[in-house]
Amino acid sequence: MKKGLFACLITWLQCVVLTVAAADTTDIRFEYKSERINDKEAMLSVIARLSPGLKLYAMQQSDADVLYSTILFDTVAKKRYSGPVTEKGTKQSEHDTSVSAQIHFYTDSVIWQQKINLPENDSLLSRVHVNYLYKKGEAYLPGEETGKFYIKPVSAVSAHADIADRSLLWIFLTAFGGGLLALLTPCVYSMIPVTVSFFTKRSKTRLEGRKNAVIYSLSIIFIFTFIGFLITLIWGPTALNDISTNWIFNLFIFLVFIVFGISFLGAFEITLPSSWSNKADSKANASSFLGIFFMALVLVVVSFSCTGPILGLLLPVIFKGGYAGPLVGFFGFSLALSIPFALFAFFPSWLNSLSKPGGWMNTIKVTLGFIELALALKFLSNADLAKGWRLLDREIFIAAWIVIFILLGIYLLGKLRFHHDDELPKNDFGLPYLSVTRLLFATTSLIFAVYMTPGLWGAPLKGISAFVPPMGTQDFNADDLPSGFNFSSSGISSGDTNNHRTKDLPKPEKYYEEMKKNEPDVVVNNGMVTYFDYQEALAVSRKLKKPLMLDFTGINCVNCRKMEGQVWSAPQVMERLKNDFVIVSLYVDVHNVYIPSQEQYFSKTLDRQVETLGDLNADMQVTKFGANTQPYYFFLDGNEQRLVPDGYGYDPNINKFTRLLDKVKDAYQENKP
């Protein structure tokens, strides 16, 4: 009897639904919230807010209820249930003559909640389906909503902070090392004894001399850090990143480095206008605090010709540190630069141990000149890749570096002389000789040149893969030879190579011809398949039922190349990437590849029309994933749901990345769409 009555009721309801308008999605608005309630549990909440005049039926309380809504969580949440689903709101009841039954409903809002077990070091990614029924006027309308929840582990925040701290720590240490290097240049080194002697001899007491030296050192730190503050205030972190990857900026830095490099080799001297240093020097004669500050300013201005090129080398690193990068970078540089002035003031007898300025300083300048020329080519390569000029392909870049470092080795051996070079020191027999230190540096330079030589034939050169252009720009690769001695991803091998594309993945089509030259060495040498269009990769992921790995990267991203060369190339990682994932490389700095006109749109995030592939990927990363740094990896299933709540940024820990891939694979198998 009950079954027959229920069947009649369902039939009647279907007829009613067919005779009325479809459910209006604006009638009921749904929100999905998740929060931790203690160190072991979390709460998932579905909130429904009704428009006036509606009746939303409550969950089924007993078999007698014939009009009700249901809440269905997926298996991920079900496995963690800590009690039943609860319902909160002002519930009302009445007898509905249409169904001849007592019904329970809400007219304003209702909250459905599910408590789950979730330790603080664990994360959750779950979905919920809401099948609801409500009454609007005389019509009974069904509806369906799908929502998702994800809760980060408590440790995730500190983990991201650790990565950020490591990045800032790396910036500080790199800048500090640059400051120590600047101390060895003639402009700064020769100022140390003169300045310290000035404080110790002109001060009435030793304590006063030490105090003035400390003020002098702090003034140097303040001046440089203030410069970093101005950079941050004027441009901000996003603009700095955009500037550092802009082809015009990279071309400008290339020209600057060429000029500084040639200057360091002795062709000419770079000096600021004498009026600048004279003005600062006139203020430094005062004995007050202001006078000491201007003495520090004199050092900053006068030493520019030596510190400028070193700071130029540091700027690309500093610019990657967001708002704090310039502050931390300039603070580290100035701290290293200022320490000797305070130390020698406290221990003036140490001044006697300082070597006299001489030819060794010019050797350092010339060595820096060669390094400046080598790094200048890196910035030219960045601009070349961004514009697709193909002026500095991989083998040309490597050949240029080989020549530069061979010349540096010959110079350090004393066989190449420049205008300001002194004679080599003479031994007891009156013959010029080479110091052991200089010989070791010369040997290192020549070994580095020999190491790069196989790269001319396609060797991966993992040690410098972050600096050389991608393998896709190489015109000749020994791996392409049908037989003989070929270069594989693990070195030189004979016979056939492993340079075959993964068999079960279809060849990429969209943007492939324009973008294949940017494929990293690790991809080319291991026969991996990477796509360059999100939708194309998503379709392949659904077809092959494999998780999709989004690789937000950049042509000029050094950390991206380091992750690929150090982490992706690890055998255990490479095996998983090739067999278990579909990978799409989303370059955010490609501005010479245009998307079809029908796919172009205006981005509020970027505040411009999205016309290029780089803009499309950059907008996707920020709007959909809330990140704007590279490299950054996200993992999705076929329904475009995250398989792990958080992405993975730059962290070259092979074991950690391997565990992440295994976790993603397990999550995909458990919730396979």
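I took a disulfide to be a pair of cysteine sulfur atoms within 2.5 Å. The model is predicted, so I kept local features at pLDDT of at least 70 and side-chain atom pairs at pLDDT 80 or more, while totals for chains, interfaces and linings use all residues. Residues are numbered from 1 along each chain as its sequence is written, and side-chain values use heavy atoms, without hydrogens and water.

**Disulfide.** I searched the whole structure and found 1 disulfide. Cys557 and Cys560 form it, with sulfur atoms 2.2 Å apart. The S-S torsion is about 80°, so I noted the disulfide as right-handed. I count a residue as buried under 20% relative accessible area, exposed over 50% and partly exposed in between (1.4 Å probe, protein chains only). Cys557 is buried at 8%, and Cys560 is buried at 1%.

**Cores.** I looked up nonpolar cores, meaning sets of buried Ala, Val, Leu, Ile, Met, Phe, Trp, Tyr and Cys residues joined through side-chain atoms within 4.5 Å. The largest has 29 residues, and Phe370, Trp401, Ile404, Phe405 and Met452 have the most contacts inside it. Helices H7 (247–264), H12 (359–387), H13 (394–412) and H14 (436–452) each give two or more residues to this core. H13 supplies the largest share, 9 residues. I took helices as DSSP runs (H or I, at least four residues), numbered from the N terminus. Another core, of 28 residues, lies apart from this one and includes Ala58, Met59, Ile71 and Trp112.

**Phe370.** I listed its contacts (heavy atoms within 4.5 Å). Leaving out residues up to four places away in sequence, Phe370 touches Leu265, Ile404, Leu407, Leu408, Tyr411, Leu416 and Phe418.
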